[in-house]
Every structure is written in C-alpha cells, then in structure tokens.
Amino acid sequence: MNRSQPETLLQERRAIRALTLPGLIRLITEIDDNGPISHRRGSLQGAFADLTPGQLRHAIDVARDLDLVHADEQAPDRYRLTASGEALAEVYDTAARWARARHFPDTNSDFGTRVQHTLQLHSRSPQANGSSLEPSAPHQVLTKFLQSNPRVLDHADVRSQQPPAEMGLAA
C-alpha cells in the first residue's frame, strides 16, 4: 500500500523527532567518537554523566528498537553501533558541520543542539539553505538514511499510534 504524500511527510517528521532526542544524539556520537562502551564498572555512567538514568535508558531503548546499537550483556563491548548506527552518526556529523558553518542556531551552540535544530529545520523545510533547486547536505544524507533504514520510519508509525502516556519522555 502506498502512502499519501502528507502521510509520508508526517511519518518522516515523527522519525526525525525520534532521531533528534538529545540522549540518542549523545549515545550515538559517544560510541562513534570513542568506540564501544564496555562492561567495566562505571563506564556507562561515566560516559553519560550529563544524562539522568531515565534519559539514558530511553536513549538506549530507542537505539535498540531502531537497530542503531547492538547491546550484548555477555560481550566485552556492551554497546556498539550497528551499520545503521554508523550511518546515523554520519548524518549527525553532516548536520553539525552544516550548522557550524552557518552559525545555526547560533554561534555558541553545542554539537547536539546543532544536530537537533538542523534536522528539525530540514523536517520542516528541505531547502533550508535558501535554494529551491539544491537541497542541503543534511537533508540529502537524512533522506538517504531514512530510505536505507525503513525500520526508523516504521518505528515512528508504531510509536505515533500509542497513547501519549506510553510514548515515554524525550531524553
């Protein structure tokens, strides 16, 4: 069954809302930048001291649901990125570079804020760079990511059908 364009756009916006959770951005970029998180005592809490346990749990749950992170309680590397997680890390890096070059949303924004605002901007206006002929780099990599990872779109649809109390709090 083909979805109508407004329905597809709504589904993409829900997916982008999930992908821009601050805790998820932190989790994916931390593992991408520093490698898998091990079982060593305190390594998980130490890496994410700025997140509450609830925010971290929610980020891990979303990452596992979207097949972005492989979690294995028995392996030495407790959490590591899947191929989809690595692709999302590239989306985040592209969005942050684009935002940094344009001082978006402002000159003092951190990595997570840049990613979040850029991807949300592109969910509202794919040609956010002002050109109606040429989509921006973040929009292109995000579109490619969503096409290559339909599970993210499917997850957004399933989550949107749940009552608000079951959706959980954003990180």
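Good morning. I begin with a term: pLDDT is the predictor's confidence in each residue, on a scale from 0 to 100. The model before you is predicted. Its average pLDDT is 83 for the protein, and 81% of the residues score at least 70.

Among the elements, helix H5, residues 83–101, has the highest mean pLDDT, at 97, while helix H8, residues 150–160, has the lowest, at 74. Over residues 126–134, the pLDDT is below 50, and the model gives this stretch 12 contacts beyond near neighbours in sequence. Residues 160–171 also stay under 50 in pLDDT, and for them the model has 15 contacts beyond four places in sequence.

Let me turn to the strands. Strand E3, residues 77–81, is joined to strand E1, residues 37–38, by two bridges, and the pair runs antiparallel. Strand E2, residues 69–71, is likewise antiparallel to E3, with three bridges between them. A hairpin of five residues connects E2 to E3.

Finally, I would draw your attention to Ala63, which lies in helix H4, residues 53–65. Is Ala63 buried or exposed? Its relative accessible area is 0%, so Ala63 counts as buried, the cut-off for that term being under 20%. Leaving aside residues up to four places away in sequence, Ala63 touches Leu24, Leu27, Leu68 and Val69.

Thank you for your attention.

Definitions and conventions: Residues are numbered from 1 along each chain as its sequence is written. This is a predicted model: local features need pLDDT of at least 70, side-chain atom pairs count only at pLDDT 80 or more; totals for chains, interfaces and linings use all residues. Side-chain values use heavy atoms; hydrogens and water are left out. Helices (H or I, at least four residues) and strands (E, at least two) are DSSP runs, numbered from the N terminus. Contact means heavy atoms within 4.5 Å. Buried means under 20% relative accessible area, exposed over 50%, partly exposed in between (1.4 Å probe, protein chains only). Two strands pair if DSSP finds at least two bridges between them.
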